[in-house]
Amino acid sequence: MNAMNWKIKAVIQNAIAKLPTQLSYNLYYYMQRKLGGLQNLNPTDHFIAAVKTWQLIEEQSKDPVGKIFFEVGTGRAPLIPIAYYLMGANQTITVDLNPYVKKEIVFEYLQYLKQHQNEIKQIFGRRLNQDRFKTLLKFIDSRNFSLPDLLSLCSIQYWAPSDAGQTQLADLSIDFHTSNNVFEHIDAVNLKRILTEGIRFLKPDGLFVHYIDYSDHFSHSDSSISAINFLQYNDTEWSRYADNRYMYMNRLRHDDFVCLFKDQSLQILKEEPIVDQRSVEILKSDSLPIDSRFKDKSPQVLAIAGSWLVAQKIACKNDERS
């Protein structure tokens, strides 16, 4: 659905979302394959995000090698867990409310990896475990590609449909809680549940490492609108466009997420906000009416298009049992 007017795209997504669940999934997948972001598959953005997550963990004087990761939001392929494997993770548990993973999509991503080995090696750099990379390439060359076998090889547990706010994980059993471009699609109530659950199962010295995209996602495929286009609508108006499983956006801004983390008794160790210059100019010119929900926020906050957030649990006596 590239280069499509965002309002038309919203109508189509809303219509598909109202169909019976399996039919809805199948039709939306077909639309993405024919017209949308699943036409030309390239895993590099996901691998870059995984390496960045790894780097942020290392910056906190922690070694991710041999550790256990938890990922919120698998998407169409477990690319970030595969990247964690290639860098030396012991295991990744990746969960998604929607069972989106498709064998053919995963296979195509892996074919890209095989055909662009030098590019992939450059992305990972010194962090790439060469033995694991060779093992994965050998697996890709095998005649019968099996998704369960791939997950087993890369020590990935894929749970879907599954709720990241209510898992069966043991207390203090996970080292790192991560996501990439996911938290903006979850409402505030469930975000609190997910963070609370993460606090329960994360080890005392564990970290939350998340990248959140605050931009209007319709602007990704419709260049006629900006990253802050959706800030002109009140909640009722906006729900008519994007209150469905495929394009829900909570529209929380960077300061909202900072408060959300702190309210869950998390200490933020690092923020990396990314300011969108086009949004800055629009806000300066007053050419976009801003809804009252966002009126009390500064232009500097509204223009933030995304940010990394790194946080840790505030130590409590209950964690001493580890």
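Predicted model: local features only at pLDDT ≥ 70, side-chain atom pairs only at ≥ 80, totals over all residues.
With a relative accessibility of 0%, Leu191 counts as buried. Setting aside residues up to four places away in sequence, Leu191 touches Phe183, Ile186, Asn250, Leu252, Phe257 and Leu260. Leu191 and Phe261 are 70 residues apart in sequence, yet their C-alpha atoms are 9.4 Å apart in space.

Gln264 is found in the loop between helix H11 (254-263) and strand E6 (266-275). Gln264 has a relative accessible area of 15% and is buried. Residues up to four places away in sequence again left out, Gln264 touches Lys192, Leu195, Thr196 and Ile199.

Helix H9 spans residues 188-201 and holds both Glu197 and Arg200, which are three residues apart, about one turn of the helix. In an α-helix, with 3.6 residues a turn, residues three or four places apart point the same way. The side chains of Arg200 and Glu197 form a salt bridge, with 2.8 Å from N to O. Glu197 is buried, with a relative accessible area of 9%, whereas Arg200 is partly exposed at 27%.

The model contains 15 salt bridges. One of them pairs Glu58 with Arg126, and their closest N and O atoms are 3.4 Å apart. Glu58 lies in helix H3 (residues 44-59) and Arg126 in the loop between helix H6 (117-124) and helix H7 (130-141), so this pair ties together parts that are 68 residues apart in sequence. Arg126 is exposed, with a relative accessible area of 66%. Glu58, at 25%, is partly exposed.

Asp235 and Arg293 form another salt bridge, the closest N and O atoms being 2.7 Å apart. Asp235 belongs to helix H10 (residues 235-242), while Arg293 is in the loop between helix H12 (277-285) and helix H13 (299-302); the pair therefore ties together parts 58 residues apart in sequence. Asp235 is partly exposed, with a relative accessible area of 45%. Arg293 is also partly exposed, at 30%.

## A network around Lys52

Salt bridges with shared partners join Lys52, Glu59, Lys270 and Glu272 into one network. Lys52 is found in helix H3 and counts as buried, at 18% relative accessibility. The cut-off for buried is under 20% relative accessible area.

The side chains of Lys52 and Glu272 are joined by a polar contact of 3.1 Å. Beyond its neighbours within four places in sequence, Lys52 is in contact with Glu272 and Trp308.

In soluble globular proteins, nonpolar side chains tend to be buried together. The largest nonpolar core here has 48 residues, of which Leu86, Leu113, Phe124 and Leu150 touch the most other members. The elements giving two or more residues to this core are H3, helix H4 (79-87), helix H5 (103-115), H6, H7, helix H8 (147-153), strand E5 (202-213) and strand E7 (304-313). H4 gives the most, with eight residues.

Phe124 is in contact with Phe47, Val51, Ala83, Leu86 and Met87, leaving aside its neighbours within four places in sequence. A second, separate core has 29 residues, including Ile68, Val72, Ile186 and Val258.

## Helix H1

Helix H1 (residues 6-17) has twelve residues. The distance from its first C-alpha to its last is 16 Å, close to the 16 Å expected at 1.5 Å a residue. At the start of H1, a side-chain oxygen of Asn5 comes to within 2.9 Å of the backbone nitrogen of Lys7.

Trp6, Lys9, Ala10, Gln13, Asn14, Ile16 and Ala17 are the buried residues of H1. These residues cover an arc of only 165° around the axis, which puts them on the same side of H1. Helix H2 (21-35) and H10 are among the elements that cover the buried residues of H1.

Technical notes: Residues numbered from 1 in each chain as written. Heavy atoms only, no water. Salt bridge = Lys/Arg side-chain N within 4 Å of Asp/Glu carboxyl O. Helix = DSSP H or I, 4+ residues; strand = E, 2+ residues; numbered from the N terminus. Buried < 20%, exposed > 50% of the residue type's maximum accessible area, 1.4 Å probe, protein only. Core = buried A, V, L, I, M, F, W, Y, C linked by side-chain atoms within 4.5 Å. Contact = heavy atoms within 4.5 Å. Expected span 1.5 Å × (residues − 1). Arc of directions from axis to C-beta. Polar contact = N/O pair within 3.5 Å; in protein donor to acceptor, adjacent residues only side chain to side chain.
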